[in-house]
Amino acid sequence: MEQGRRVDLNADLGEEITDDRGLLAVVTSANVACGYHAGSREVMTAVCAEAAIRGVAVGAQVSYADRENFGRVALDVPARVLTEQVADQVGTLQQIAVAEGTHVRYLKPHGALYHRVAIDEDQAGAVLAGSGELPVLGMPGAVILKLARGLGRRTGHEGFPDRGYTDLGTLMPRGEPGALIETTPEIVTAALALADSVDSVCLHGDTADAVAHAHAVRRALSDAGFALEPW
C-alpha cells in the first residue's frame with residue numbers, strides 16, 4: 001500500500017437502488033454492478049458516461065449470478081463456470097466503458113463473492129482467471145489479494161466506515177446488531193480512523209442518505225489533509 005495522505009473514496013453504483021449521479025459527484029472510484037446481481041447495459045452505460053465526464057475511475061463489481069438475492073447468498077459455483085461468469089461481466093463493462101470514453105481500471109467482487117474470495121483459494125483463483133490483469137480491490141488479508149500479488153497484479157486495501165467489524169477484522173454479518181452504521185457522525189469518525197491504513201474508503205450506495213454520507217466523509221477527509229484520488 002502506498003504511503004502518504006492520499007485516499008480513494010469508492011461506492012457501489014449501477015445497482016438501480018441509489019442516486020448514481022449524486023454519488024458520482026463525490027466519489028473518486030465507482031464499483032459498477034455488471035448485471036449479475038444488479039444493473040443492466042443501460043444502467044452501466046449511464047454510470048460509465050457520467051464517470052468519464054467527472055474523471056471517476058470505473059471498477060468492475062463482479063458477482064455470483066443471483067439477482068434474486070442481490071448477490072448476497074454464498075453459492076457453490078464450479079471454478080470453470082465462475083471464471084467464465086467473471087470474464088463475461090468484466091468484458092461487458094469494459095466494452096461499455098470504452099464506448100463511453102473511459103475503461104475498467106480495477107476489479108472488486110460483490111457481496112457473497114467478496115467474502116468467499118477472502119478465504120477460498122479456489123474461488124479466488126477463478127475470479128482472477130476471469131479478470132485478466134486488472135488490479136484488485138479488497139479487504140486487508142484477503143486470499144484473493146495474496147494470489148493477485150503473486151501474479152504480479154496491483155492490489156488495494158479498503159475499509160468500510162458504514163459497517164461494523166468483528167474482533168477478527170472481518171465485517172459483521174448483515175442483520176446482526178451493529179453490522180450497519182447509519183448515522184453521519186459515526187460514519188465520518190470511522191472513515192477518519194480507517195483512512196491512514198487503507199488505500200480506499202468504501203461507502204455502500206444502497207444505504208439511506210448515501211449521498212449525504214459521502215459528502216460528509218469527503219469533506220472530513222479533505223479537512224484532515226487527505227488528497228482524494230483513485231487508488
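## The enclosed cavity

A cavity is a set of grid points where a 1.4 Å probe fits but cannot get out, and its lining residues are those with an atom within 4 Å of a point. The model examined here is predicted. A search of the whole structure finds 1 cavity of 30 Å³ or more, and the volume of the largest cavity is about 40 Å³.

Its lining is made up of Pro 109, Tyr 114, Val 117, Ala 118, Leu 137, Gly 138, Met 139, Ala 142 and Ile 144. Sorted by class, this lining of the largest cavity has 8 nonpolar residues and 1 polar residue, with no charged residues.

## The largest pocket

The largest pocket holds about 590 Å³ of space. It is lined by 26 residues, of which Gly 111, Ala 112, Tyr 114, His 115 and Leu 171 are the closest to its centre. Helix H4 supplies the largest share of the lining of this pocket, with 5 residues.

## Aromatic pairs and a charge over a ring

How many aromatic pairs does the count come to? With ring centres required to lie within 6.5 Å of each other, the count comes to 2 aromatic pairs. In one of them, the ring centres of Tyr 106 and Trp 231 are 5.8 Å apart and the planes stand at 65 degrees, so this pair is edge-to-face. Because Tyr 106 belongs to strand E4 (residues 104-107) and Trp 231 to the segment after strand E8 (227-228), the pair ties together parts that are 125 residues apart in sequence. Both partners are buried, Tyr 106 at 2% relative accessibility and Trp 231 with a relative accessible area of 14%.

The other pair joins Tyr 114 and Phe 160, whose ring centres are 6.0 Å apart and whose planes are at 90 degrees, so this pair is also edge-to-face. Tyr 114 lies in helix H4 (residues 111-116) and Phe 160 in the loop between strand E6 (155-159) and helix H7 (184-194), so the contact ties together parts that are 46 residues apart in sequence. Tyr 114 counts as buried at 7% relative accessibility, and Phe 160 is buried with a relative accessible area of 3%. Apart from these pairs, Arg 5 lies over the face of Phe 226, at 4.0 Å from the ring centre.

## Cysteines

The structure holds 0 disulfides. For Cys 34, which is in no disulfide, the nearest cysteine sulfur is that of Cys 48, 8.7 Å away; a disulfide would need the two sulfur atoms to be within 2.5 Å. Cys 34 counts as buried at 4% relative accessibility.

Cys 202 is likewise in no disulfide, and the nearest cysteine sulfur to it, that of Cys 34, is 15 Å away. Cys 202 is buried, with a relative accessible area of 0%.

## A proline in a loop

Pro 135 is found in the loop between helix H5 (121-129) and strand E5 (136-138). With a relative accessible area of 18%, Pro 135 is buried, since the limit for that class is under 20%. The C-alpha atoms of Pro 135 and Val 198 are separated by 15 Å, and these residues are 63 residues apart along the chain.

Key. Residues numbered from 1 in each chain as written. Predicted model: local features only at pLDDT ≥ 70, side-chain atom pairs only at ≥ 80, totals over all residues. Heavy atoms only, no water. Phe/Tyr/Trp six-rings, centres within 6.5 Å; stacked < 30°, edge-to-face > 60°. Helix = DSSP H or I, 4+ residues; strand = E, 2+ residues; numbered from the N terminus. Buried < 20%, exposed > 50% of the residue type's maximum accessible area, 1.4 Å probe, protein only. Lys NZ or Arg CZ within 6 Å of the ring centre and 35° of its normal. 1 Å grid on protein atoms, 1.4 Å probe; cavity = no way out; pocket = protein on both sides within 12 Å on 5 of 7 lines; lining within 4 Å. Points joined across faces, edges and corners; volume = space filled by probe spheres on them. Nonpolar A, V, L, I, M, F, W, Y, C, P; charged D, E, K, R; others polar.
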